[in-house]
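Reader: I have the sequence and the model open. Please take me through the ligand sites.

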Amino acid sequence: MASEQLKTWTPSSWRGRKAEQQPEWPDEHALEQNLKVLSTLPPLVFAGEARALRRSLAEVAEGRAFVLQAGDCAESFYDFSADSIRDKLKVILQMAIVLTYGTGVPVVKVGRIAGQFAKPRTSPYEVVGGEQIPVFRGHIVNDDAPTAQGRRPDPSRLIAAYHQSASTLNLLRAFTKGGFADLSQVHMWNQEFVASSREGERYEATAGEIERAMRFMAACGIDLQAEEALHQVDFYTSHEALILGYEEALTRRDSLSGDWYDTSAHLLWCGERTRQLDGAHLHFLSGINNPVAAKVGPGATPDEVVKICDILDPRREPGRLTLISRMGTGKVESSLPPLQEAVRASGHPVVWVCDPMHGNTFTSESGRKTRHFEDVMAEISGFFAACAESGTWPGGVHVELTGDSVTECLGGAEEIAEDDLELRYTTTCDPRLNGRQSLDLAFRVAELLRAG
Ligand code: PEP
Ligand code: CO
């Protein structure tokens with residue numbers, strides 16, 4: 001079936017299937033006009049870059065590297081500045097340093113950034129002040145303000161999201177290739193509010209050791225200036241491929257290989273709510289040649305997960321498919337091993353990554369969506385245990401974070417309590433780890449990886 005599907009696939013063939021979680025655009029004509037404009041705009045990423053990420057993920061599939069996928073739950077049209085992009089990149093670079101230095105395993109860095117604007121929702125409507133209004137679906141669709149006007153899906157937002165992605169990516173490329181990510185800058189990535197904390201001091205110690213190691217290599221006569229890998233970082237982008245019209249408009253044929261690539265990001269994933277086997281989302285992802293991923297929650301059966309693999313990875317190629325487990329802390333140890341064993345038996349060389357966030361969300365008494373840092377860590381430990389049981393390489397972690405000192409997730413070394421949530425709760429969607437919690441997580445993941 002899978003190869004049959006490939007023969008009839010086109011960027012628009014998803015339209016013949018049921019697509020869950022699509023907005024009810026009020027004006028079909030305006031939507032088509034905006035999609036037409038999008039289809040004429042330049043690609044955001046290049047096929048060659050997507051292939052490079054596939055090669056790096058193939059290393060993960062073979063147990064020789066680890067993925068760090070991180071960023072906002074939902075990027076915002078309002079919280080968009082050079083500083084916020086830089087601070088997010090800083091914390092991801094810090095985490096990658098902690099993981100690489102602490103384990104000796106290369107870390108593949110993938111942001112939930114430069115395109116992570118669309119959100120799947122449990123219900124299409126919500127009631128505010130007695131009035132039923134459409135739910136917020138991410139700034140690529142509507143506004144988060146809870147008014148009927150604000151929630152009206154506006155297709156010109158597709159173009160705005162494209163342009164914000166382009167500017168974000170431009171800055172990320174400048175930062176990662178233009179000196180900011182140079183290993184000699186490790187100390188600079190520690191932000192002030194983190195530096196004085198226990199995690200921050202631990203990071204400073206690591207950074208100091210790296211500096212000493214570099215001075216040692218220089219003293220041995222190694223020309224550090226000539227080593228490109230010490231001065232630049234490969235940083236990739238990813239988002240949930242949710243609004244299929246947007247993804248279709250940015251899907252282009254690569255002039256070198258003749259293959260289709262979705263040029264909206266390097267890696268695209270399918271969410272837990274849109275992974276129906278006969279649905280439009282898996283069908284769309286099956287035809288693009290980017291590396292792709294699918295979220296797998298506690299309801300997934302071994303048979304279903306193997307079918308997802310057959311659809312997305314019919315040729316059984318390492319690096320093509322990543323499965324992101326998001327089970328919830330109480331379930332991961334029992335639910336995950338049977339899935340991993342079935343996938344291995346089917347011969348699909350997938351990467352297994354742990355999303356410890358989405359299975360552990362709850363609403364606080366004050367009505368804030370939150371997560372407890374200890375639940376997040378417990379799910380990661382459970383994931384490592386599940387991988388050990390099934391003989392699978394724990395390929396990475398997928399987390400929602402920000403560089404800022406927000407108070408959105410409970411616990412951590414600062415012991416953020418329910419009453420503190422109101423202090424700095426700024427996310428547009430799900431609660432994110434702050435800079436200190438993120439760094440703490442990286443140290444603990446490094447320990448788990450070393451212990452394994
Ligand atoms: C997300 O990653 O923000 C998300 C909605 O995840 P999931 O599809 O796993 O619920
Ligand atoms: Co989320």
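Reader: How do the residues of the shell around ligand 1 divide into nonpolar, polar and charged?
Author: The model is predicted. In it, C73, R112, K119, P120, W269, G271, E272, R273, K295, R326, H358 and E400 surround ligand 1. This shell divides into three nonpolar, two polar and seven charged residues.

Reader: Which side chain has an N or O atom 2.7 Å from an oxygen atom of ligand 1?
Author: Take the polar contacts one by one. For R273, the distance from a side-chain N or O atom to a ligand 1 oxygen is 3.1 Å. A polar side-chain atom of E400 also lies 3.1 Å from an oxygen of ligand 1. The 2.7 Å pair belongs to K119.

Reader: Which residues coordinate the cobalt ion (ligand 2)?
Author: The donor distances run from 2.1 to 2.4 Å. Along the chain, the donors follow the spacing C-x284-H-x41-E-x29-D. The donor atoms are SG, NE2, OE and OD, from C73, H358, E400 and D430 respectively.

Reader: How many residues apart are H358 and D430?
Author: Both coordinate the cobalt ion (ligand 2). H358 sits in the loop between β11 (351-354) and β12 (362-363). D430 sits in the loop between β14 (396-400) and α13 (435-451). The pair links distant parts of the chain, 72 residues apart.

Technical notes. Residues are numbered from 1 along each chain as its sequence is written. Chains are lettered from A and ligands numbered from 1 in the order in which they are written. This is a predicted model: local features need pLDDT of at least 70, side-chain atom pairs count only at pLDDT 80 or more; totals for chains, interfaces and linings use all residues. Side-chain values use heavy atoms; hydrogens and water are left out. A residue is near a molecule or strand if one of its heavy atoms lies within 4 Å of it. A polar contact is a pair of N or O atoms within 3.5 Å; within protein, one must be able to donate a hydrogen and the other to accept it, and residues adjacent in sequence count only if both atoms are side-chain atoms. Ala, Val, Leu, Ile, Met, Phe, Trp, Tyr, Cys and Pro count as nonpolar, Asp, Glu, Lys and Arg as charged, and the others, Gly among them, as polar. Donors are N, O and S atoms within 2.8 Å of the metal (3.2 Å for Na, K and Ca); water is not among the atoms, so sites may look incomplete. Helices (H or I, at least four residues) and strands (E, at least two) are DSSP runs, numbered from the N terminus.
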